[in-house]
Amino acid sequence: MISDLIAVTGASGAVGGRVAARLARTGVPVRLLGRDPGRLPRLPGTAAAPPAAYGDGEAMRRALDGAHTLFLVSAHESPDRVTEHTTAVDAALAAGVERIVYVSFLGAAPDATFTFARDHWHTEAHVRMTGVRHTFLRDGWYLAGIPAMTGSDGVLRGPGGEGRVSAVSHEDIADSASAVLLDEGTDHDGATYDLTGPEAFTLAEAAEELSRHAGRTVRYVAETEEEAYASRAHYGAEDWEVAGWVTSYEAIAAGELETVSDAVPTLTGRPATSLSAYLRDNPDSYRHLLPEA
């Protein structure tokens, strides 16, 4: 009997958790993977795998044994992320996984401005090289990140220039991913889907939208590269991490994140979520910007 078990990584996170919940509602068998099984959601019809970190090939192989499809959410950013991803992919193949759906990033390329997008390109290249059935979901900036990256002082700052970004909601990513995972045909094999919002906006326009919803003035301050590194120095993060933060904005300035795709409506059968609709439906996302705050 051919297994139809779907293994979901990152099931305690924003994307993996939403996907796991959607799959559980359909009744398909789902196995949830994570470093700490205690943090995994309790969902009907799902089972938690033994603890498994991406970089632990043997643990991943055991956790994936018997699974047909692997939903691979990218690991947390780290200098070793590509190695962690390739180890997880190789473990999946050793466990008999026949299909991988990988959450990548918009504009993934070996020379992408956004340094973390390069990791995704190398991961995609490894998956392709194995010959396994695969689908890549390249999501853009998260809509949730727009208010989250805006300080309580009402300033969204970064070296994004006048570039545009087609940010996408977590819900749209999860609905799109679920549609792909639940379609056992071959239509999605080898496909790369750019998961974006319905529009590409400048960060100045995003600040104006935040102003309308928060009822106060929110400004975008276009930093230089030097200013961007200086304004983030107080976090005490490692150099590679700060470079990722800064270059994510520089990728906007370079026009690498302005793609608007019809993948979300095509896969889900409904329109993609706009920034205005996201803010309307998620007032908690900008609560720190409200005048009384």
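Which residues touch the most other members of the largest nonpolar core? This is a predicted model, in which local features need pLDDT of at least 70 and side-chain atom pairs count only at pLDDT 80 or more, while totals for chains, interfaces and linings use all residues. Residues are numbered from 1 along each chain as its sequence is written, and side-chain values use heavy atoms, with hydrogens and water left out.

To come back to my question, the largest nonpolar core has 53 residues, and Val8, Leu64 and Phe71 touch the most other members. Helix 6, residues 170-182, gives the most to this core, with five residues. A nonpolar core here is a set of buried Ala, Val, Leu, Ile, Met, Phe, Trp, Tyr and Cys residues joined through side-chain atoms within 4.5 Å; buried means under 20% relative accessible area, exposed over 50%, and partly exposed in between, with a 1.4 Å probe and protein chains only. Helices (H or I, at least four residues) and strands (E, at least two) are DSSP runs, numbered from the N terminus. In soluble globular proteins, nonpolar side chains tend to be buried together.

If we look at leucine 64 and leave aside residues up to four places away in sequence, its contacts (heavy atoms within 4.5 Å) include Ala7, Arg31, Leu33 and Val97. There is also a second, separate core of 31 residues, and among them are Ala117, Leu156, Ile252 and Leu290.

Now to the charged side chains. A salt bridge is counted when a side-chain nitrogen of Lys or Arg lies within 4 Å of a carboxyl oxygen of Asp or Glu, and by this rule there are 19. Arginine 61 bridges to glutamate 58, with the closest N and O atoms 2.8 Å apart, and both residues lie in helix 2 (residues 57-64), three residues apart, or about one turn of the helix. Arginine 61 counts as partly exposed because its relative accessibility is 28%, and glutamate 58, at 41%, is partly exposed as well.

Are the partners in the bridge between arginine 232 and glutamate 223 buried or exposed? Their closest N and O atoms are 2.8 Å apart; arginine 232 is at 9% relative accessibility and therefore counts as buried, and glutamate 223 is buried too, with a relative accessible area of 9%.

Let me turn to the aromatic rings, of which the structure holds six pairs. Tyrosine 235 and tryptophan 245 have ring centres 5.6 Å apart and planes at 80°, so this pair is edge-to-face. Rings of Phe, Tyr and Trp (its six-membered ring) pair if their centres lie within 6.5 Å, and planes under 30 degrees apart count as stacked, over 60 as edge-to-face and the rest as tilted. Tyrosine 235 is exposed, at 55% relative accessibility, whereas tryptophan 245 is partly exposed, with a relative accessible area of 29%. Elsewhere, ring pairs link Phe105, Phe114, Phe116 and Trp240 into a cluster.
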